[in-house]
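Welcome! Look over the structure below, then try each exercise before you read its solution.

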Amino acid sequence: MNRPVVLMSLESPHSFWRLSAEHERALSAAFPGVEFRTATEEAVPHQLAEAHVYFGWTFKPSWLFGAPHLRWIASPAAGTDHLPVAEAHSVGVALTRSYGFHGRPMAEHAMGMVLGFSRGLFMSQLAQRNRTWWKDDLAEEFFDLAGATMTIVGCGSIGGHLARAARSFGMDVIGVRRTPPMAPEGGVTWMHTSAVHQAVAVADVVVDLLPSTWATDRFFDHDLFTAFKPRSVFLNLGRAATVDQAALLAALNVGRLRGAALDVFDPKPLPARHPLRLHPRVVLTPKSSAFSRTYIDEAVAFFADNLRRYLTDQPLKGLAEVPAARSPLVGG
C-alpha cells in the first residue's frame, strides 16, 4: 500500500466538536507512516481524489464518485442515519460510527430531565413567574426516584450508561432491545422488543434511545402511549422519527403523561407556535444531550484505535449495518 492518506473534516462553532491543531499533531506523531490532511466541508469533494480514509461529520453520496481510492468513512457520531451507508457499501467502502463516549453526557442529560420532573423543578420554574407560593401543588406533583422504574427502549451502549446512573438513584431498570443478553447484566431486567407494551406499562419513566430505521418509524404511536403507566414521564434522546408527535401530544393532553422531555423533534427547530413548544408539560433541549467538553478528544481516540485496526487489517469497530427495506428493530 502506498502511504495512506487520511482526509479529515471536523468543523464546528463549538470547540468540543472541532478538530484542533493539537489533535492533528497527535495523530501525525502516532502514525508517522500516514499522511493526514484537513479540509473544510466545501473543499472535501475536491480533496477526496487521493484519500483512502475520510474522518468527518458528514459525507454526501455524490462524494463517492470523486473518491476512487476511498476504503473507509469514519464518523464521530453515534448514529448513521444521516450518512450514505448503503451507497458506500455498494462500492466497497466501509462506514463506521463511534461509540463508548456518548453515553456519559447523555446519561447526565437524561437524569437531569428526570430530576426536573421528579423534584418539580420544571413546575417551580413556571410557577415562580406568577405564583406567590406553590408548595401544595408540588406536594401533589413530585415522585421518588428510589423504588421507581425506568424503562429504556433501545438499550444499547448509551442505555447501559443511563441504566447505571438510574440505579445509583435506587431506580429499577428495564432494558428493551431486539437481542437481550442471555444472562442478567448490570442489574437490568431485559425484555425483547415484542414485550415493549408490558415494559412501558410498569414504568414511571420511559426513555426512547431508538435509532431511525424503517422499523422504528413512529414506533411510539397512539397504541404504545396508551399502554404507558398513568402519570409517567417520557424522554426522547434517540431520534425524532421514532415518535408520533400527534400521539404524544394527545397523551399529554389527556393526562396520560406527567410530562415529556425531548432532545429531538420534527421539524428542527419547532415553529414558534408549535404545540410542543408551548405545552406546559414539555421541556425541549436543542439536540444537546451529547454535549461534552471531552467529546472530540474521545472521538479522536476512538478513531485512532480504529485506524490502527485498519492499517493492520483487523476488523473495524462500529461498522454500520446496511439498512434493509424492512430491517429488524435496532437499538441493542
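**Exercise 1.** Find which residue of S9 stands opposite Ile152, and describe the sheet around this pair.

*Solution.* Step 1: Ile152 faces Val207 in S9. The names come from DSSP: helices are H or I runs of at least four residues, strands are E runs of at least two, and both are numbered from the N terminus.

Step 1: Strand S6 (residues 149-153) and strand S9 (residues 205-208) run parallel and are joined by four bridges. Two strands count as paired if DSSP finds at least two bridges between them.

Before going on, note how to read this model. It is predicted, so local features need pLDDT of at least 70 and side-chain atom pairs count only at pLDDT 80 or more, while totals for chains, interfaces and linings use all residues. Residues are numbered from 1 along each chain as its sequence is written, and side-chain values use heavy atoms, with hydrogens and water left out.

Step 2: Seven strands form an open, parallel sheet in the order S8-S7-S6-S9-S10-S11-S12. Strand S8 (189-192) and strand S12 (282-284) are at the edges with a single partner strand each, so one side of each has no neighbour in the sheet. From one strand to the next, the twist averages 15 degrees.

Step 3: see what lies on this sheet. H4 packs on it, touching S6, S9, strand S10 (232-236), strand S11 (257-262) and S12. Contact here means heavy atoms within 4.5 Å. The direction of H4 makes about 150 degrees with that of S11. Helix H10 (residues 245-253) lies across S10, S11 and S12, at about 145 degrees to S11. Axes are lines fitted to C-alpha atoms, for helices over the stretch in contact, and angles run from 0 to 180 degrees between N-to-C directions.

**Exercise 2.** Describe how H4 and H7 pack: at what angle, and how far apart are their axes?

*Solution.* Step 1: helix H4 (residues 103-118) and helix H7 (residues 157-168) meet at an angle of about 45 degrees, and their axes are 8 Å apart.

Step 1: classify the angle. H4 and H7 are therefore oblique to each other. Angles under 35 degrees count as roughly parallel, over 145 as roughly antiparallel, 65 to 115 as roughly perpendicular, and the rest as oblique.

Step 2: list the contact. H4 contributes Gly103, Arg104, Met106, Ala107, Ala110 and Met111, while H7 contributes Ile158, His161, Leu162, Ala165 and Ala166.

Step 3: sort these residues. The contact of H4 with H7 has eight nonpolar, two polar and one charged. In this scheme Ala, Val, Leu, Ile, Met, Phe, Trp, Tyr, Cys and Pro are nonpolar, Asp, Glu, Lys and Arg are charged, and the others, Gly among them, are polar.

**Exercise 3.** Work through the packing of H1 and H12: are they roughly parallel or oblique to each other?

*Solution.* Step 1: the axes of helix H1 (residues 21-30) and helix H12 (residues 295-311) come within 11 Å and cross at roughly 20 degrees.

Step 1: H1 and H12 are therefore roughly parallel to each other.

Step 2: the contact is built from His23, Leu27 and Ala30 of H1, with Ile296, Asp297, Val300, Phe303, Ala304 and Arg308 of H12. By class, the contact of H1 with H12 has six nonpolar, one polar and two charged residues.

**Exercise 4.** Work out in what order the five strands of the other open sheet lie.

*Solution.* Step 1: the order is S2-S1-S3-S4-S5, with parallel pairing.

Step 1: strand S2 (35-38) and strand S5 (94-96) are the edge strands.

Step 2: strand S3 (residues 53-56) and strand S4 (residues 72-74) pair in the parallel sense over three bridges. Val53 has Trp72 in S4 as its bridge partner.

**Exercise 5.** Find which residue forms a salt bridge with Arg231.

*Solution.* Step 1: Arg231 forms a salt bridge with Glu141, and the closest N and O atoms are 3.3 Å apart. A salt bridge is a side-chain nitrogen of Lys or Arg within 4 Å of a carboxyl oxygen of Asp or Glu.

Step 1: locate both ends. Arg231 is in the loop between helix H9 (222-227) and S10, and Glu141 is in helix H6 (residues 135-141), 90 residues apart.

Step 2: check the backbone. Arg231 has a positive phi of about 70 degrees although it is not a glycine.
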